[in-house]
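This report covers one chain on its own and its interface with a partner chain. The structure is shown first.

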Amino acid sequence: MEKELRETLRYLGYRGRTEQEPETGRQQMLALAEDCLREARQAARPRCLWKEQPLQFLEDGRLDLGLFQTRSQALAKSLKDCTGVLFFAATLGAETDRLLGRYGRLQVSRAVVLQAAAAAVLEAYCDQVFEEKKKEYESRGQFLRPRFSPGYGDFSLECQPALLAGLEAGKRIGITLTGRYLMAPSKSVTAAAGISPVPAGCVTEGCEACGKTDCAYRRDEA
Amino acid sequence: MEEIRKRKVFLDGGMGSLLQERGLPAGQLPETWNLQRPEVVRQIHLEYLQAGCDIVTANTFGANGLKFPADGDMPLEQVVTAAVACAKDAVRAAGHGAVALDLGPTGRLLRPLGDLDFEDACRLYGEVVRIGARAGADLILAETMSDSYELKAAVLAAKEHSDLPVFATVVFDGSGKLLTGGSAASVTALLEGLGVDVLGINCGLGPVQMKAIVREMLEVSSTPVLVSPNAGLPRSEHGKTVYDIDADAFAAEMEEMGRIGVQLLGGCCGTTPEHIRKMIRRCRNLPQALPEEKNRTVVTSYSQAVQIGGQPVIIGERINPTGKSRFKQALRDHDMEYILREGAAQQDWGAHVLDVNVGLPEIDEPSFMEETVRELQSVLDLPLQIDTSDPEAMERALRIYNGKALINSVNGKQESMDAVFPLVKKYGGVVVALTLDENGIPETAEGRLRIAKAICRRAEEYGIRRCDLLIDALCLTVSADSRSARTTLETVRRVKEELGVGTILGVSNISFGLPQRENLNSTFFAMALHSGLDAAIINPGSEAMMRVYSSFRALSDLDPHCGDYIRRYAVQPGGNPEGTSQGASAPKPLPAAGQPAKRDLTLQESIVRGLRERAAQAAEEELRARDALAIISEEMIPALDQVGQGFEKGTFFLPQLLMSAEAAKAAFAVIRERLEQSGTRQESRGTVILATVKGDIHDIGKNIVKVLLENYSFRVLDLGKDVAPEAIAEAAAKDQVKLVGLSALMTTTVPSMEDTIRLLRKEAPWAKVMVGGAVLTEEYAASIGADRYCRDAMASVKYAQEVLDGGDGL
C-alpha cells in the first residue's frame, strides 16, 4: 500500500486488521480512502517557503533563532549540535478548506476521510520538499535535522506570529493566524529544522520521536 | 486622475526592504518608524519622487487597529497621521506628487475560512481611511490583496469613509489565480462593480511572470490598469530575501507593459528608486490611451466569473419557496442544510448561477436572506442571484456577498428604480429589469420595449452601465393568453436588436396552470434561446430542459465538436443528469428517483452498509407495506444499534458510522414526509445546542456529533463555529435548552470553552454541558467545569439520552 494511503487510514484510526471486521467493510474503507485521497490531491495547491537563520543557545537556557527567541527543551534537543535553523512553512491552500467545509455541511462521513487524506497529502509534500533540502545541505557538507513544529512538546504556539512574519507567509503563500494562533488555511504546517555540521546518529522523526507513546494514532513500529 | 488620460502615471516602489536596509530590525513593524524615525520614511518618499514618480504610497501598508490598537504605545491614529505627514512633507520638498493612503491585507483571513468577520474587516479599514483622509491623503490604494472578500471590505470602506479616488490591486500566482481562488476576470468584475477608479496587479511575481495575467486583465478591464511587480522572483540568501532582476531589466520589462496598454506603472518588493527612475526614463513618452469600454456582462463568486452573452447561462430556480411546501417547511424550520443541498444538487445538474429567494410572510426575510447567502457562498462556488423585492434584504445580501451578484430584480416603477439602482451602484451587480411599470405589464412587445428603454435611461443616470442590466421580457402563462409566448419572444428579439442589452427569462412561468408542463417549458426554452435569450431561470434538474440546452449549444456552434453534448449523452443514452462530468469536487448528488442502486438489500442492511440512496429507496418500499413507526423501531433502530456497537468494539470505524448515520437520515427524511402527510408530526426527543467555541474554526467534530444526535431524534440547534459565549448562553436561555455540546480543537481555544461554561452557569443554570475535542481529557474537562467529557460521538449520544430521557422517544 502506498504511504499516503496508509497514512490516511492511520489518521482515521483505522488499522485494518480487526478480525471481526467484515470484508465488505474493509473494502469500503479502502475505496473511500483512495477516492478521498484523489480528491484531496486535486484540490490541493501546495506551496511552501523557507528561510535560514543563525542559531544561538543563550546562557539563560533560551534559544535565539534569529526570527525570535524562545525557551523549549524539546526544540533545544532537536537542535543539538546545530549552528543554524531552517524555518519552513507550507500549505495546501484555501481550496482544501473550502472542500472540507462543503463536505462538513453536506456529507460529514466524507469530510472525515478527506480531512485525513488532506493531512497525508500535506505531510507527503513537506517530506518531499525536505528530502530535496536535505540533499542540498549535504552537498554543502551540512546536515538537516528533522522538522519540528510549534505546538509540539513545549515549543510554544506563541512563536507562530514571528515565524510566519519572518517568512512573509501571509503575503506570499496566504498562511494567516486567527486570534488564537490557529493557522488558516487549516491544512498548513510551520516548522524549524536544525542545520548541523555533523551528521545525526540514528534519527527518529515524526511519530516515533514523540513522547506520547499511548497515542491512538501512533505509527506502527514495523 | 486627469493626468491618467494624458500620459503614463508612475507609482513608487518597495518600502519595507529599504527601511530594513536603513536599520529597521527584522520583526519590527515598518509602520513604527513613521513615529520613531520619520526622517528616514520621508527621505525614501523623496528619493522616489526625485526618481520621477507621480504617486508615493504612505507607509501604512500594515497599519490597522489589530496591530496598532488605540490604547497601545502607538495608537493607529498617530501612526497613520504621521505616515501621511511624511509623504506630504516629501511631496512638498520635491515640488510635485500625490499621496496614496496604503491599505494592505489585515493579516487575518475572513470567515468562514478564518475568524475575521466581514463587517469587522470593513470597520478596521474604515478607521484607517477616516484618519488618512483627514490627514490629507490624495487617494486610496488597496493593494497586495489575495482574497476577494477582504478586497471588497477594503474598497467598500474606502468608498464609505472618504470621497477620494480608489485604486485597488491584487496578487496573482504563476497560474493566474488569487491565493483564495479568483481570476483576472472575476477580480476585474468585482472591482468595476464596486466602482474603483484604477485596478490592477502588484507583488507576488516579477514583471516577466506577470505579463500573461496582465494581458488577461487588459482584455477584460474597462478601467485603467496599474501594474506594480516585484523585482523578479525572490530567493533566500543568507537569511535575507533577494530578488533576481536588476533595475535595467526591470525597466525594459515595464516598458513592454506600458506598450501593451498598462496605464499606471510602479514597483513592489525588491524595487528601489533606481528601478523606478530607469522605468520612468523608458516609459515616460509611451503613448497613453484609456481602455475601451468592453461591455461585458459578468457575475462572479469568490472564484468564478460567469459571462452572460454568447453562451446561454442557466440560473437554477429551485431555492425558492413558491409552490413548494417542503421548501416552505425548511424555511420555517430554519433548515439551512436543506437549502444547501438544493444548491449543491443544482450545481451538479449543471447550473451556472443559483437564484436565491427565501421570501415567506412569516420569516424575517432580510436576516434570513443574509444568512442564506453567507451559507451558500461558504459551501458552493457558483455566483448567486439575489432574488427579493425587499430592499433591506437585497442590501444586506449584496453587502456580504463575496463577488458581483445577479440581482433579481428592478422594474419600471419609479419606486423600484429609486430603491434598487443606488444599491447596484454601491455594491456592483448585474440587475434583472422587469418590463412592467406603474401601469402593469404591457400586452405588446412594443410596450415592453418602451419600459426597457426607460429603465436603461434611468440606470444610466445612476451611472450604471447597460452591460450591467438584463432585460426580463416577462413570461406569462399561455393558458391565460395564447399570444403571450409570441409577445415574449418578440420582446427578447427586439431588446437584443434595438437596445443591445442582454435578456433573461423565468422560463417555467409559460406553462402555469397547464398539465405536463415540461413539454411546454422545454419547447418554449428552445424557442427563446433561438430568439437570442442570454440567461434562463429554470430547473436544471429537469432533464427535458437540460436536453434543450445541450442540443441548442451543439446546433448553434457553441459547443466545439459537440464535445459537451457527447460527454453528456454518449455514456448514458437515457441522459441521467448524474452522468455528467460536472465538477468532481462537487458533493455527490442527492438520491434521485431512478438512480441505480442495489435492490437486494433491506433497509436495515443498507443502513448498516451506509448506502444512502438505497436506504431512502428501501424506506419508500417499506412504507408501502408497513406502518412508519414500525419501520423505525424494527428496521432502523436495530441497524443504528448494530453500527453503534460495532463502532465501540472497533469493527466499524468513524467514516462507516457516519455513512450509516447519513443513510439513516435519508431514510428518516422519507418516513418523516409520510408522517407529515398523514398529519402526525414526529416528536423530537429534546433539543441540544452544539457549537465550536469562540476562536476555533475547526468544526468537523461538532458536525459529526450533529449527524449522530439527529439520527437518534434529537433536535440540534447548530450555532456553527467560532461562536461567542454570549451567543451560546443566549440561545440556551431563550429556548430553555437542557443540553449544550461544545467543541474546541486546540489548547489555545479551550479557555473560550471555559468562559462559555462559566457564562452558561449564570445565564442558563439548568443546562448540562458536554465537551469534546482533540486536546481534551476527562480531567481537563472537569477542571473547566464541564458536566461530561465525551470521548467520541457515540459518547455524546449516550449522554444526550441520559440528560434528555423522558422525552417522547421514537
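In this predicted model, contacts between the two chains involve 62 residues of chain B and 52 residues of chain A. The residues of chain B that lose the most area to chain A are B:Leu113, B:Leu179 and B:Phe653, which together account for 13% of what that side buries. Between chain B and chain A, about 5000 Å² is buried, and carbon and sulfur atoms give 58% of this area.

The polar part of the interface can be described by pairs. Residue pairs in polar contact between chain B and chain A number 15, counting those with both residues at pLDDT 80 or more. The rule finds three salt bridges across the interface. One of the salt bridges joins B:Asp173 to A:Arg47, with 2.8 Å between the closest N and O atoms.

On the side of chain B that touches chain A, the elements giving two or more residues include strand E8 (234–237), helix H13 (336–349) and helix H25 (654–677) of chain B. H25(B) gives the most, with six residues. The classes of residue on this side are tabulated below.

| Class, side of chain B touching chain A | Count |
|---|---|
| Nonpolar | 27 residues |
| Polar | 21 residues |

Chain A itself has 222 residues, of which 52% count as buried. Seven helices and nine strands make up its secondary structure. Taking contacts in chain A between residues at least 6 apart in sequence, 73% join residues at least 24 apart. Chain A exposes about 10100 Å², and 50% of that area is supplied by carbon and sulfur atoms.

Notes: Residues numbered from 1 in each chain as written. Chains lettered and ligands numbered in written order. Predicted model: local features only at pLDDT ≥ 70, side-chain atom pairs only at ≥ 80, totals over all residues. Heavy atoms only, no water. Helix = DSSP H or I, 4+ residues; strand = E, 2+ residues; numbered from the N terminus. Buried < 20%, exposed > 50% of the residue type's maximum accessible area, 1.4 Å probe, protein only. Contact = heavy atoms within 4.5 Å. Areas by Shrake-Rupley, 256 points an atom, 1.4 Å probe, with all protein chains shown as cover. Buried area = accessible area lost by both parts, 1.4 Å probe. Salt bridge = Lys/Arg side-chain N within 4 Å of Asp/Glu carboxyl O. Polar contact = N/O pair within 3.5 Å; in protein donor to acceptor, adjacent residues only side chain to side chain. Nonpolar A, V, L, I, M, F, W, Y, C, P; charged D, E, K, R; others polar.
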